[in-house]
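I opened a new notebook page for this one. My plan is to look up a few things and jot down what turns up.

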Amino acid sequence: MNPNRKKRALWAAALLTLLAIGSAFLLAAKAKREIWLSRNGESLCKIATNSTSASPSDKMAAKELADDLRKITGAAFAVVAEAALAANDKAIYVGQTRFARDQGINFEQLGAEESILRTVNGNLILCGGRPRGTLYAVFAFLESLGCRWYTPWHEKMPRQPQLRVALMDKRIKPFMNMRQGGSDFWRDERTFADKETYQRFHQQYQRYLLHNRVNSGVDFGEAEGGCVKSGGRMSNHSFFAYVPAEKYAQDHPEYFSMRDGKRVPSRDGCDAVHLCLTNPDVLKIVIAGVKEDIQKKPEGQYVSVSINDGGSATICDCPACTKAQEDEGVSGLLLQFVNAVADAIRDEHPDKYILTLAYTSTQQPPKRIRARDNVIVWVCRGALSCAVYLPRGKNAMALDALREWGRHASHLWVWDYAAGSFRTRHYFKPITWKMDEQFKLFKELGT
C-alpha cells in the first residue's frame, strides 16, 4: 500500500474511533439526563399513590395517566399503593405521596391548582395542591409528551413505544384563577337525538374541559377536583334576585331605579332596570341576602352582586344616585355599593369574594374609587368581549379601559363570547390561536 494512503487510512480510523468514543460519551451523558418509562411497548415503572391519603382527584389523576400512557406507548402501567413498591421499583409518584414529602415538597404551601413535576433518581413525581394541582401536574406532563385535547371528539396521542423523558424540576401555578369555557348548547340535552347520545357526548365534553383546565361553569365532582363556584343566587346579573319586585315593589317602590321621575321595578332582570343604590335599606337587604347565601352554599367562592341585564345609560336617576354617578361615574356608584357589601362579609368570611359586572352602563372604569381586595370585577365590554373574532394581529380590544380597570381593582375577570354560545351554537370555532394571543396579553396586563 502507498505509505501516504496507509497514513491517511490510519488517521481516518483514529478519527472514527474518537468520534465513536465521543458519541458514546454524549449518549452516556444524555442518558444521565433522561429517565425511561417504557421500552419496546413494555412499561419500566409503576404508578404509585398513597393508599391512605390519596384524594379522589389524586386517584383520577393516576388513572388518567395510566390510560394515556397506554395509548402513547402500548404498555400497561400498573397503579399500585406506594407502600407495595419493592425496594428497586421505579415509579411515577402521583399525588401527595410519602416519597414526595421525603423530597422536601411541602403540600401545605401549594395553592389549589399549583403543580410540581420533578425527577428524582430515575423516578418521576407528579403532584400538587388540592383539589386540582395533581390533576394539572399529570395533564402538564402529558402535554410535554405532545398530547393535546382539541375538541370533545378529537385528541392527539403521539405513539412512543420507547418513552423517555428529560430530567425536570418544575413548579407551575396558573396565572388565571378562573377559566370558564364552552357553550350552553353542548350542555342542553335537547340538542341531541336521544338521552344515550347526550350522555356519551357529555362525558367526552367533560373530559375535554377537564384536560384543558377549565375550572368554572362545569359540574365537576370531587374526582375532577371540583371547580370555582358561585355561592349566590345568580352567577352574574343578580339585583333582581336579591330585591325581587314581586316582594318589594308595591310597598317600597323607592328600592328601585328612578326613570323620568318615577320608580320602575325590574320584572325579570333583563330590562335594564336596577336598584336605587343610595337607599340604605336596599344595602341592608342585599347584605342579608348575601350572608344567607354564603351559609347555604359554603362551597361557593364568590357571590355576584351585579346590575341586571340590558343596556341603560345609568343605574338610577334619583337625585342621590345621579350625584354619585356624576362624582364617580356610573361604575363608581356601583362600586360604592359593592364595596359596602364586601366590607360587611370580610371579617366573617375572609375567603369569599363579591363579584360585580363592568357591563353596559358600568363598563367604563370609575374616576377615583377602588374596589375592595375581596371584590372581583368581571369586565364585559364592546370589542373586548368579541375580540376572539377579530382578524389575527388586529388586537382591537378596549385595552385602555382594561388597563384602567386594573388600577381600580385587584381582581379582574374578562368575559369573551369565544364559544359562540350566543351566535353560532352548532360548532366550535377555530379560535385557538386568538385565545392564546389574548391569554398572553392578559398576563402582561396583570388581569
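Before anything else, a term I need: I call two parts in contact when heavy atoms lie within 4.5 Å. Also a reminder to myself that this is a predicted model.

**Entry 1, the sheet.** I started with the strands. I found 6 of them forming an open sheet, with mixed pairing, in the order β4-β3-β5-β7-β6-β11. At the edges I noted β4 (79-81) and β11 (169-172), each of which pairs on one side only. From one strand to the next, the twist averages 20°. I then zoomed in on β3 (residues 46-49), which runs parallel to β4 and is joined to β4 by 3 bridges. Ala48 has Val80 in β4 as its bridge partner.

Helix α2 (residues 56-73) touches β3, β4, β5 (91-94) and β7 (123-128), and its direction makes about 145° with that of β5. Helix α4 lies across β5, β6 (115-120), β7 and β11, at about 135° to β7.

I picked Ala140, which sits in helix α4 (residues 133-144). Is Ala140 buried or exposed? Its relative accessible area is 15%, so I put Ala140 down as buried. Leaving aside neighbours within four places in sequence, I listed Leu117, Ile172 and Arg213 as the contacts of Ala140. I also checked Asn212: Ala140 and Asn212 are 72 residues apart in sequence, with 9.7 Å between their C-alpha atoms.

I counted 0 disulfides.

I got 10 aromatic pairs in the structure. One of them is Tyr93 with Phe99: the ring centres are 4.1 Å apart and the planes are at 10°, so I wrote "stacked". Tyr93 is buried at 7%, and Phe99 is buried at 16%. Tyr205 and Tyr208 are stacked as well, with 6.3 Å centre to centre and 25° between the planes. These two tyrosines are 3 residues apart in helix α6 (residues 195-211), so about one helical turn separates Tyr205 from Tyr208. Both are buried. Ring pairs tie Trp153, Phe201, Tyr205 and Tyr208 into a cluster.

**Last jotting.** I found Arg39 over the face of Trp36, 4.2 Å from the ring centre.

Note on methods: Residues are numbered from 1 along each chain as its sequence is written. This is a predicted model: local features need pLDDT of at least 70, side-chain atom pairs count only at pLDDT 80 or more; totals for chains, interfaces and linings use all residues. Side-chain values use heavy atoms; hydrogens and water are left out. Helices (H or I, at least four residues) and strands (E, at least two) are DSSP runs, numbered from the N terminus. Buried means under 20% relative accessible area, exposed over 50%, partly exposed in between (1.4 Å probe, protein chains only). Two strands pair if DSSP finds at least two bridges between them. Axes are lines fitted to C-alpha atoms, for helices over the stretch in contact, and angles run from 0 to 180 degrees between N-to-C directions. A disulfide is a pair of cysteine sulfur atoms within 2.5 Å. Rings of Phe, Tyr and Trp (its six-membered ring) pair if their centres lie within 6.5 Å; planes under 30 degrees apart count as stacked, over 60 as edge-to-face and the rest as tilted. A charge sits over a ring if NZ of Lys or CZ of Arg is within 6 Å of the ring centre and within 35 degrees of the ring normal.
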